[in-house]
Amino acid sequence: MTTFGVNAFGVGRGPRRFATMTELAREAEEIGCAAVWTSELYSRSATVPMAALAAGTSTIRIGSNIAYGVGRSPLMWAAEARDLDELSGGRIILGIGNGTPKMMEAWHGVPGEAPAARMAELLTVLKALWRLHEGPVHHDGRFYHVHISPTSDVPEPIRAEIPIWIAGVNKLMLRTAGELADGLVGHPMFTTDYVRGPVADEIAAGAAISGRDPAEVTIMGIRMCAIDDDVDLARRQAAYAIGQYAASRVYDRLFALHGWSAEQEKIRRAARDRDTEALIGAVTDDMIDTIAIACRPAEFPAALARIPAGFDHLDLIAPPWGLSDQETRAINSEILAGLRVHLADTVPV
């Protein structure tokens with residue numbers, strides 16, 4: 001059965017932003033969500049909000065969706081993860097990704113080459129550093145050089161392992177998830193058919209390398225939800241977000257799988273022309289209904305029940321493009337209200 005999570009989106013500035021994040025997380029915890037997620041970008045971190053959420057909740061899992069793997073050294077990743085896991089009582093999911101090669105170079109100052117190989121090495125070093133209490137860690141690799149011999153006792157972490165889920169779209173990163181990660185953080189564009197097909201195939205190929213069952217890798221999806229009494233507005237919001245992603249060639253394989261390649265070219269031309277109306281118009285109803293949820297508030301619980309099986313966990317988010325903070329917060333409130341109904345209806349008697 002698919003579990004659900006929500007984004008801990010904060011509104012306002014200063015302490016108020018963290019307070020609103022925690023309020024949302026507490027409601028998600030109260031209604032039975034499995035996890036609450038926070039992200040980072042060039043102006044915000046993931047780990048500081050995760051600490052606030054850990055301190056303000058009791059049982060819900062807290063994950064980063066995503067934090068930049070290249071944004072911290074392996075040592076600082078391990079140190080922050082230990083602190084967060086201790087603060088939360090063992091509820092942290094470390095969701096990490098590298099971003100695009102351009103982001104790696106321009107934002108983080110590291111070469112954009114071989115992101116999957118870099119991620120694989122980061123996972124290897126992180127797992128070793130998690131066991132630093134057992135003794136020194138020495139690693140000389142392509143991307144990371146770590147030599148740590150503790151000068152005093154290192155406290156044992158409260159969990160023997162911390163779950164690490166990695167973001168992946170392309171073949172090599174998906175195989176890395178299958179070989180080394182505990183989970184895959186999918187993309188908002190991932191459809192059930194795409195996950196059951198190409199994603200599952202690459203996860204299995206990676207799992208075969210390490211000799212494990214592909215089912216050990218948790219598959220997380222991200223579902224964009226546009227919810228408004230004006231359903232035409234909701235569908236426009238979903239279409240606009242889909243169009244922003246669809247212009248990238250990263251998703252060509254997904255569009256081809258669904259027979260949407262011709263429409264994708266129309267979206268791409270509209271994006272090049274900066275023609276917003278043409279971009280929205282080129283996103284078909286089939287794309288909206290397959291990739292996202294766009295409906296009135298009263299229809300949302302039923303829409304959740306119709307999502308086909310394929311994901312182990314779904315993070316429900318407002319469309320990440322084109323909305324104000326207030327509009328995003330309003331949709332998050334509707335997501336929680338709908339989840340309250342849906343989860344109450346699916347609790348075993």
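Let me start with aspartate 289, which in this predicted model forms a salt bridge with arginine 235, the closest N and O atoms being 3.1 Å apart. Aspartate 289 sits in helix H12 (residues 285-291) and arginine 235 in helix H8 (residues 231-246), so this pair ties together parts that are 54 residues apart in sequence.

That is one of 17 salt bridges found in a search of the whole structure. Another joins aspartate 252 to arginine 268, with 2.8 Å between the closest N and O atoms, and here the partners belong to helix H9 (residues 252-257) and helix H10 (residues 261-272), 16 residues apart. Aspartate 252 is partly exposed, at 26% relative accessible area, whereas arginine 268 is buried, at 4%. Both residues also belong to a network of salt bridges that includes Arg249 and Glu265.

A further salt bridge, 3.8 Å from N to O, brings together the side chains of arginine 142 and glutamate 113; arginine 142 lies in the loop between strands E6 (137-140) and E7 (145-148), while glutamate 113 lies in the loop between helices H4 (101-108) and H5 (115-130). Arginine 142 is exposed, with a relative accessible area of 55%, and glutamate 113 is partly exposed, with 44%.

Methods. Residues are numbered from 1 along each chain as its sequence is written. This is a predicted model: local features need pLDDT of at least 70, side-chain atom pairs count only at pLDDT 80 or more; totals for chains, interfaces and linings use all residues. Side-chain values use heavy atoms; hydrogens and water are left out. A salt bridge is a side-chain nitrogen of Lys or Arg within 4 Å of a carboxyl oxygen of Asp or Glu. Helices (H or I, at least four residues) and strands (E, at least two) are DSSP runs, numbered from the N terminus. Buried means under 20% relative accessible area, exposed over 50%, partly exposed in between (1.4 Å probe, protein chains only).
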